[in-house]
Amino acid sequence: MDNLINPNLTLTELSASIIFINIILSFLLSVVIAIIYQKTHRGLSYSRSYVESLVMMSVLAAIAMMILGNNLVRALGILGVFTLIRFRTIIKDPKDATYLFFSLAIGMGVGTGNYVISIISTVCLAGIIFMLNKYNFGSVVRDGFLLTFIADKDYNNSHESLFAQYLRSYKLLQFKSRPDGEGEYYFSISFKDGKKPEDLVNQLSQNQNVKLADLITGKDATEY
């Protein structure tokens with residue numbers, strides 16, 4: 001008990017083999033986490049440095065926990081450092097923050113010698129992530145597309161006739177007005193059988209009042 005409350009007590013030094021095993025295991029598990037992130041990432045906010053950070057943070061967490069041992073005061077201190085790193089770093093996607101904590105938790109587990117917990121947790125969380133990704137869990141558009149386009153101030157809603165020709169159903173998700181009079185339209189859409197998505201985009205782009213049209217498949221619309 002005294003070791004938990006007295007930060008000045010000497011900690012038991014780990015053998016070189018245990019230190020090496022912890023570093024290698026935390027590295028391997030964090031690489032698995034990084035691969036899962038790469039396979040399930042959606043959108044344009046991908047960063048190679050972030051993926052590398054997932055691996056490095058896990059190994060650093062393992063090293064930190066080996067140094068701290070069972071010292072509660074020092075453990076709380078290092079968690080404070082990790083929190084500082086988290087909130088001083090710009091992370092656009094909340095899921096990226098989850099992966100960061102995932103990597104830290106596994107590194108801390110390995111560093112404290114909880115190998116079974118770390119390995120089983122990595123496998124189970126990997127299965128959960130792949131399942132959520134496979135079924136497109138949480139996506140606004142599940143079986144259709146997300147259509148976005150920018151139109152100038154003279155646009156007269158000519159998309160309605162095209163939608164009637166190509167689409168089985170559609171819904172306006174959002175409209176953003178720009179200071180120069182332009183507008184950004186966001187629609188969830190579902191095509192009629194036999195209709196090609198590229199034909200709708202080409203037809204819409206031919207309108208002189210439409211500056212940019214973009215179509216995203218439902219499985220990639222999770223960041224909307």
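Author: This is a predicted model, and a search of the whole structure finds 10 aromatic pairs. One of them joins Tyr37 and Tyr99, with 5.0 Å from centre to centre and 80 degrees between the planes.

Reader: Why is the pair of Tyr37 and Tyr99 called edge-to-face?

Author: The centres are 5.0 Å apart, and rings pair if their centres lie within 6.5 Å; the planes are 80 degrees apart, and an angle over 60 counts as edge-to-face, so the pair of Tyr37 and Tyr99 is edge-to-face.

Reader: What makes this pair tie together parts that are apart in sequence?

Author: Tyr37 lies in helix α2 (residues 16-40) whereas Tyr99 lies in helix α5 (residues 94-111), so the pair ties together parts that are 62 residues apart in sequence.

Reader: How do you know whether Tyr99 is buried or exposed?

Author: Buried means under 20% relative accessible area; Tyr99 has 3% relative accessibility and therefore counts as buried, and Tyr37, with a relative accessible area of 1%, is buried as well.

Reader: What makes Phe145 and Phe191 an aromatic pair?

Author: Their centres lie 5.3 Å apart, which is within 6.5 Å, and with 85 degrees between the planes this pair is edge-to-face. Phe145 belongs to strand β1 (residues 145-151) and Phe191 to strand β3 (residues 183-191), so the pair ties together parts that are 46 residues apart in sequence.

Reader: Why is the charged end of Lys195 said to sit over the ring of Tyr166?

Author: The charged end of Lys195 is 5.4 Å from the centre of that ring, and the definition asks for a distance within 6 Å together with a position within 35 degrees of the ring normal; the charged end of Lys195 is found to sit over the ring of Tyr166.

Notes:
Residues are numbered from 1 along each chain as its sequence is written. This is a predicted model: local features need pLDDT of at least 70, side-chain atom pairs count only at pLDDT 80 or more; totals for chains, interfaces and linings use all residues. Side-chain values use heavy atoms; hydrogens and water are left out. Rings of Phe, Tyr and Trp (its six-membered ring) pair if their centres lie within 6.5 Å; planes under 30 degrees apart count as stacked, over 60 as edge-to-face and the rest as tilted. Helices (H or I, at least four residues) and strands (E, at least two) are DSSP runs, numbered from the N terminus. Buried means under 20% relative accessible area, exposed over 50%, partly exposed in between (1.4 Å probe, protein chains only).
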